[in-house]
Amino acid sequence: MSFDRNLTPRWRQGYRFQYEPAQKAHVLLYPEGMIKLNESAAAIGGLIDGARSVQAIIAELDQRYPGVPELGEDVEQFMEVARAQHWIELG
């Protein structure tokens, strides 16, 4: 089964994406704790706004980082992990 890039991700209620100066990184805050994100995850997470589709996120990242050969697959993989970890909802 292929990933539907027309889906729109949104952070689950209670989850907040932000830059944390103490961590010197972007993090995902939630009631039970915090997840420190790597640069790639932060670039993707920064575009999750509940309005952009996965395809729109890929297109934006492709403009920022042209020539990355597996960009779309990397974004899809992030979305699958984030959904499995219950960080996001895809609709």
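Predicted model: local features only at pLDDT ≥ 70, side-chain atom pairs only at ≥ 80, totals over all residues.

User: In what order do helices and strands follow one another along the chain?

Analyst: The chain holds 3 helices and 5 strands. Read along the sequence, these elements follow the pattern β-β-β-β-α-α-α-β.

User: What radius of gyration does the chain have, and how does this value relate to that of a compact globule?

Analyst: Along the principal axes, the C-alpha atoms fill a box of roughly 35 × 25 × 20 Å. A compact globule of 91 residues would have a radius of gyration near 12 Å, and the value for the chain agrees with this, being 13 Å.

User: What percentage of contacts between residues at least 6 apart in sequence join residues at least 24 apart?

Analyst: A contact requires heavy atoms within 4.5 Å. Among the contacts in the chain between residues at least 6 apart in sequence, the share joining residues at least 24 apart is 53%.

User: Are the axes of α2 and α3 parallel, perpendicular or oblique to each other?

Analyst: Helix α2 spans residues 54-64 and helix α3 spans residues 71-84; their axes come within 10 Å and cross at roughly 135°. The crossing is right-handed. Angles of 65 to 115 degrees count as roughly perpendicular and those over 145 as roughly antiparallel. The relation of α2 and α3 is therefore oblique.

User: How many residues of the contact of α2 with α3 are nonpolar?

Analyst: From α2, the residues V54, I57, I58, L61 and D62 meet L71, G72, V75 and M79 of α3. In this contact, 1 residue is polar, 1 is charged and the number of nonpolar ones is 7.

User: Is F3 buried or exposed?

Analyst: F3 lies in the segment before β1. Leaving aside neighbours within four places in sequence, F3 is in contact with V54, E76, M79, E80, R83 and L90. Buried means under 20% relative accessible area. Because F3 has a relative accessibility of 14%, this residue counts as buried.

User: What distance separates the C-alpha atoms of F3 and Q63?

Analyst: F3 and Q63 are 60 residues apart along the chain. The separation of their C-alpha atoms is 21 Å.

User: What is the relative accessible area of T8?

Analyst: T8 is found in the segment before β1, a strand covering 9-11. Not counting residues up to four places away in sequence, T8 touches G50, A51, R52, S53, E89, L90 and G91. T8 is buried, and its relative accessible area is 13%.

User: What percentage of the residues in the chain is buried?

Analyst: The chain has 91 residues. Of these, the buried residues make up 37%.

Terms used: Residues numbered from 1 in each chain as written. Heavy atoms only, no water. Axes fitted to C-alpha atoms, helices over the stretch in contact; angles between N-to-C directions. Helix = DSSP H or I, 4+ residues; strand = E, 2+ residues; numbered from the N terminus. Parallel < 35°, antiparallel > 145°, perpendicular 65-115°, else oblique. Left-handed = near helix turned anticlockwise from the far one by under 90°. Nonpolar A, V, L, I, M, F, W, Y, C, P; charged D, E, K, R; others polar. Rg over C-alpha atoms; globule rule 2.2 N^0.38 Å. Buried < 20%, exposed > 50% of the residue type's maximum accessible area, 1.4 Å probe, protein only.
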